[in-house]
Structure formats: C-alpha cells, structure tokens
Amino acid sequence: MNQYEYKVNGETFFSEERAVDAAVLLQAAFAGKAIGQDPEKTGYVLTVPDSDVTFQSGQVVELDKYNVFRAAPDKGAPFA
C-alpha cells in the first residue's frame, strides 16, 4: 500500500490514505508534538505555505496535491 508523506510545522508524518480529513492530520501533528495543543479543544487551521490555501477540520486534504503545512490556532474572524 502507498504511503503519503506530509509535513506539519517541519515535522514529517505519513498517511496510508491519499485524501484525509484535516482533523486527522491535526491529531497526528499533536501526537507527534508538531503542535502544542489538542486540536479537538483548540481549533487549528492548516495553511499551505506561500499560498492562500487553508484547511480546517471537516475539510478533505488531498495529500498528492498538498503535503506541506503550517498549523496554527484558528483565531476566527475578529469582531467589528
């Protein structure tokens, strides 16, 4: 079976699935200590460097298209 390599905040991880929910990638990043807080308790967003592409929990990431991410807490939209 193929494995798909991806990086979150410089740490390397692998998935056996090509298309994965961003929540799964964030949980792996938390378990691998690439992010410091549990993404289920603190909302996180995955950002593709040098682009406007972002993924949040519930969105499917195609690892053959995007495989390098920065993860940061999702601050949400500021209040007016």
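**View 1. V8 stands opposite F69 in β7.** This is a predicted model, where local features need pLDDT of at least 70, side-chain atom pairs count only at pLDDT 80 or more, and totals for chains, interfaces and linings use all residues. Residues are numbered from 1 along each chain as its sequence is written, and side-chain values use heavy atoms, with hydrogens and water left out. β1 and β7 run parallel, joined by 2 bridges. Strands here are DSSP runs (E, at least two residues), and helices are too (H or I, at least four), numbered from the N terminus; two strands pair if DSSP finds at least two bridges between them.

**View 2. β4 meets β7 the antiparallel way.** This pairing has 4 bridges. Look for Y44, whose bridge partner in β7 is P73.

**View 3. The largest nonpolar core holds 18 residues.** Such a core is a set of buried Ala, Val, Leu, Ile, Met, Phe, Trp, Tyr and Cys residues joined through side-chain atoms within 4.5 Å, with buried meaning under 20% relative accessible area (1.4 Å probe, protein chains only). V8, L25, L46 and F69 have the most contacts inside this core. Two or more residues each come from β1 (4-8), α1 (22-31), β4 (44-47) and β7 (68-73), and α1 gives the largest share, 4 residues.

**View 4. L46 and its contacts.** Beyond its neighbours within four places in sequence, L46 is in contact (heavy atoms within 4.5 Å) with residues including V8, L25, V53, F55 and F69.

**View 5. D38 is buried yet has no salt bridge.** A salt bridge needs a side-chain nitrogen of Lys or Arg within 4 Å of a carboxyl oxygen of Asp or Glu; the nearest side chain of opposite charge, K41, is 4.6 Å away. D38 sits in the loop between α1 and β4, and touches Q27 and F30, not counting residues up to four places away in sequence.

How values were computed
Buried < 20%, exposed > 50% of the residue type's maximum accessible area, 1.4 Å probe, protein only. Lys, Arg positive; Asp, Glu negative; His and termini not counted.
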